[in-house]
Amino acid sequence: MSSGDVPSAVGSPAVDLDGVAVGYGGQTVLRELSLTVPRGSFVGIVGPSGSGKTTLLRLLTGRAARHQGRVEVLGRAVRPSNVPAGVGYVPQLEAVDWEFPLTVEQVVLLGEAATSAPVPWFSRAEKQRARALLERLGLGGLERRRIRELSGGQRQRMFLARALLRDAELLLLDEPTSGVDLATRRDVLELLGQLHHEGLTVVLTTHDLNFVAAHLPRVVCLNQVITADGPPAEVLTPDALRRTFGAPLQVLRDGARIVVVDAEQVDLHDAAAHRREATYRGDGWQGDDEVELPW
Ligand SMILES: Nc1ncnc2c1ncn2[C@@H]1O[C@H](COP(=O)(O)OP(=O)(O)OP(=O)(O)O)[C@@H](O)[C@H]1O
Ligand SMILES: [Mg+2]
């Protein structure tokens, strides 16, 4: 029996990591990682480039390099090269070879085997289900399109269809909001919200701290180790952000709303306002308090 046939252990967390370390060629990328994600959660993972976000998601899909510690997904230990049943993975779009000569339907139907299967054969029922899913995700009519001809948002949704066709209980999405325009971003996020509402566990990585602050109940800050974990209102503090990003970020609070801004940006705004004030007070530039803008 393959691991794909084993029903997931009901009641177990969607993700359970304890004392995990992962590295590539002797270089440690993640360490001392202990993390529990209960089923039905919606969690955002944030951290600077190279902090190990993709590595963490790959670890959960059985694709990471060797690791130490306990890695359990949907109640089962993850084994290398063995995508756990019930897990849908939407890779970082930049990591995909879009020139690979596959159609949308092939990617969705073939799933993980898309690049290695010989000549696959699919039942009419499977194809109908795939089409219904593509339709639901706004990709109706694009089944025969080559994947290289899709836009960023369509690519995201194609991978979502692939995950949903396999009845994923846990969706792992690597930067689903990058590389798409604002309207598409909103559509993708709405869709994820719906899927979460339907009971799926969603774990995504993002560089968009303000999206996390506004929409997700839990954020995990990562930079080789977990630097903070909890509700955005508690976690997104200047201290935690400095520990995570190594850069000064300011957190503006307006009631329950949190906005994270680059402290440098704030300074520039202050400087610009300052300069406007100086202009306003006289004809032309005057006053000792004029601030030189750095451009
Ligand atoms: N296959 C690999 N072989 C060797 N090193 C790797 C490999 N994949 C990732 N790394 C290294 O591991 C570290 C973490 O990379 P990872 O892709 O997980 O970061 P990330 O947080 O997803 O970054 P980004 O925000 O840019 O996507 C980086 O230093 C990267 O160079
Ligand atoms: Mg990444």
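Predicted model: local features only at pLDDT ≥ 70, side-chain atom pairs only at ≥ 80, totals over all residues.
1. The magnesium ion, which is ligand 2, is coordinated by two side-chain atoms, OG1 of T54 and OE1 of Q92, at 2.0 to 2.3 Å. These two residues bring together distant parts of the chain, since T54 belongs to helix α1 (residues 53-60) whereas Q92 sits in the loop between β6 (87-90) and α2 (104-110), 38 residues apart.

2. Are the two coordinating residues buried or exposed? Q92 has a relative accessible area of 19% and is buried, because buried means under 20%.

3. Ligand 1 is surrounded by 14 residues, of which the closest are S49, G50, K53, T54 and T55.

4. Which residues place a polar side-chain atom close to an oxygen atom of ligand 1? For T55 the distance is 2.5 Å, for H207 it is 2.9 Å, and for E175, where the side-chain atom is an N or O, it is 3.4 Å. On its own, ligand 1 has 630 Å² of accessible area, and the protein covers 60% of it.

5. By element, β2 (27-37) and α1 are those that give two or more residues to the shell around ligand 1, and α1 gives the most, with three residues. By residue class, the shell divides into nine polar, three nonpolar and two charged residues.

6. Helix α4 (residues 152-165) consists of 14 residues and spans 20 Å from its first C-alpha to its last, which is close to the 20 Å expected at 1.5 Å a residue. Because 14 of its 14 residues are buried, α4 is largely enclosed by the rest of the structure.

7. What lies after α4? R166 is placed in the loop between α4 and β7 (170-174) and, with a relative accessible area of 34%, is partly exposed. R166 and L109 are 57 residues apart in sequence, yet their C-alpha atoms are 9.1 Å apart in space. D167, which also follows α4, has a positive phi, near 50°.

Notes
Residues numbered from 1 in each chain as written. Chains lettered and ligands numbered in written order. Heavy atoms only, no water. Donors = N, O, S within 2.8 Å, 3.2 Å for Na, K, Ca; no water. Helix = DSSP H or I, 4+ residues; strand = E, 2+ residues; numbered from the N terminus. Buried < 20%, exposed > 50% of the residue type's maximum accessible area, 1.4 Å probe, protein only. Expected span 1.5 Å × (residues − 1). Near = heavy atom within 4 Å. Polar contact = N/O pair within 3.5 Å; in protein donor to acceptor, adjacent residues only side chain to side chain. Areas by Shrake-Rupley, 256 points an atom, 1.4 Å probe, with all protein chains shown as cover. Nonpolar A, V, L, I, M, F, W, Y, C, P; charged D, E, K, R; others polar.
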